[in-house]
Amino acid sequence: MAEQPVMDSATETQTESVAPTPKSLNQGEAAEALKNLFNINASETQETASEKSKKEVSDSETNIEDAFNDEELIDQIEDEQPSESNQELYKVVVDGQEQEVNLEELTKGYSRQSDYTRKTEKLSQDRKSVEELKNEYTRQSEEAKIKRDQYEKQLQVLSQQLRSSEPKVDLDRLYQDDPAEYVRVKAEQDRRKELLEKSNQEQERIQAEKQEEQGKQYNSYLEQQRQLLTQKLPIYADKEKGADFVKNLTNYAKEIGYTDQEINMLVDHRSVIMLANAYRYDKLKKANLKNKKVTKVSKVVSSSSPKIQDDSDVAKRMKSKKANLKKTGKVNDAVSVLREMYSQ
């Protein structure tokens with residue numbers, strides 16, 4: 001039994017001391033083995049670089065996540081950004097009230113104000129241009145009317161001269177006595193008649209033109225008065241009550257003495273308003289009289305006055321004393337009657 005461990009030890013010693021004998025390689029096999037060795041090293045190098053890149057990306061993502069989770073860094077970034085509360089405020093006056101705004105609002109307000117000012121100035125210039133054109137048109141129109149009036153007067157003078165200068169000649173006798181003179185005189189008369197007819201036509205044209213202008217002015221005046229009446233008497237333009245009101249107002253005007261012609265001449269809105277006020281006042285007065293009740297006013301007796309007796313008793317007593325006075329005719333009875341009369 002004691003010899004077994006020794007045998008095992010000898011066996012182990014023998015195994016450790018034996019080494020494998022290297023196999024001899026030819027030149028081709030050596031080259032192939034070296035090539036395989038290089039491929040293995042390259043693959044290991046590539047895998048190592050890939051793992052290193054993945055590790056760097058992972059570390060970068062970890063750093064980013066850490067950065068987002070870092071509250072101190074977030075607070076620092078927020079502090080660096082300009083907040084509205086930390087911005088400088090400026091005092092401005094809006095509609096009479098003082099307000100505080102930041103630079104952005106101040107800039108926008110200035111831009112809006114500049115745009116508004118520019119548009120207002122442009123509108124003012126346009127109105128000024130329109131007003132100037134209107135004034136120029138009015139001036140030229142007045143000058144044209146003055147020249148037209150002068151032209152009309154010249155036509156009137158020409159017509160009078162043509163009528164007054166017409167010779168009174170017996171054309172039939174002149175034709176028999178002097179045919180050549182007849183032809184000359186007849187030509188002058190025809191020429192004078194032609195001029196006179198043209199002058200009359202021109203004057204009629206001017207009169208028609210004046211009437212047309214007057215009609216336009218009158219219509220413009222009527223429209224202006226209607227607008228004023230609509231503003232100051234709204235019921236006049238009311239679609240539901242306006243027609244009835246105008247009808248009642250017309251009837252009222254006839255009742256107080258207006259003729260149809262005078263009613264048609266009421267174009268001034270002030271006259272219509274006065275008539276409307278009178279109509280309403282009369283209507284209100286009649287309504288108050290109709291609804292008014294006559295009440296008997298009771299006699300007010302002061303508490304300090306003596307007690308008032310019944311009228312029937314006073315009358316009976318007065319009648320009795322008068323009868324007694326008639327019978328006796330005494331002074332005392334007369335005095336009693338007078339006292340009774342004055343005591344009432």
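Modeller: We'll go through the overall fold, the hairpin, the salt bridges and the pocket.

Colleague: What should I know before reading the numbers?
Modeller: This is a predicted model, where local features need pLDDT of at least 70, side-chain atom pairs count only at pLDDT 80 or more, and totals for chains, interfaces and linings use all residues. Residues are numbered from 1 along each chain as its sequence is written, and side-chain values use heavy atoms, with hydrogens and water left out.

Colleague: Okay. How many helices and strands does the protein chain have?
Modeller: Eleven helices and two strands. These are DSSP runs, numbered from the N terminus: helices are H or I with at least four residues, strands are E with at least two.

Colleague: In what pattern do they come along the sequence?
Modeller: The protein chain reads α-α-α-β-β-α-α-α-α-α-α-α-α.

Colleague: What share of the residues is buried?
Modeller: Buried residues are 12% of the 344 in the protein chain. Buried means under 20% relative accessible area, exposed over 50%, and partly exposed in between, with a 1.4 Å probe and protein chains only.

Colleague: Now the strands. How do strand 1 and strand 2 run?
Modeller: Antiparallel, with five bridges joining strand 1 (residues 90-94) to strand 2 (residues 97-101). Two strands pair if DSSP finds at least two bridges between them.

Colleague: Which residue is the bridge partner of Val-92?
Modeller: Gln-99, in strand 2.

Colleague: And what's in the hairpin between the strands?
Modeller: Two residues separate the strands, and Asp-95 in this hairpin takes a positive phi near 55 degrees.

Colleague: Switching topic. How many salt bridges are there?
Modeller: The count comes to 19. A salt bridge here is a side-chain nitrogen of Lys or Arg within 4 Å of a carboxyl oxygen of Asp or Glu.

Colleague: Which residues does Arg-139 form a salt bridge with?
Modeller: One partner is Glu-136, with the closest N and O atoms 2.3 Å apart. Another is Glu-143, where the closest N and O atoms are 2.7 Å apart.

Colleague: Why are Arg-139 and Glu-136 separated by about one helical turn?
Modeller: Because they are three residues apart in helix 4 (residues 103-164). Glu-143 also lies in helix 4, four residues from Arg-139, about one turn of the helix.

Colleague: What about Asp-260?
Modeller: Asp-260 forms a salt bridge with Lys-254, the closest N and O atoms being 3.4 Å apart. Asp-260 is partly exposed at 48%, and Lys-254 is partly exposed at 43%. There is also a network: salt bridges that share partners join Arg-148, Glu-202, Arg-205, Glu-209 and Glu-213.

Colleague: Last topic. How much space lies in the largest pocket?
Modeller: About 380 Å³. On a 1 Å grid over the protein atoms alone, a pocket is an open set of points where a 1.4 Å probe fits, with protein on both sides within 12 Å along at least five of seven lines; lining residues have an atom within 4 Å of a point.

Colleague: Which residues line it?
Modeller: There are 18, and the closest to the pocket centre are Leu-229, Tyr-236, Ile-263, Leu-266 and Val-272. The lining divides into 13 nonpolar, three polar and two charged residues.

Colleague: Which helix gives the most to the lining?
Modeller: Helix 7, with five residues. Helix 6 (179-232), helix 7 (242-255) and helix 9 (269-291) each supply at least two.

Definitions and conventions
Points joined across faces, edges and corners; volume = space filled by probe spheres on them. Nonpolar A, V, L, I, M, F, W, Y, C, P; charged D, E, K, R; others polar.
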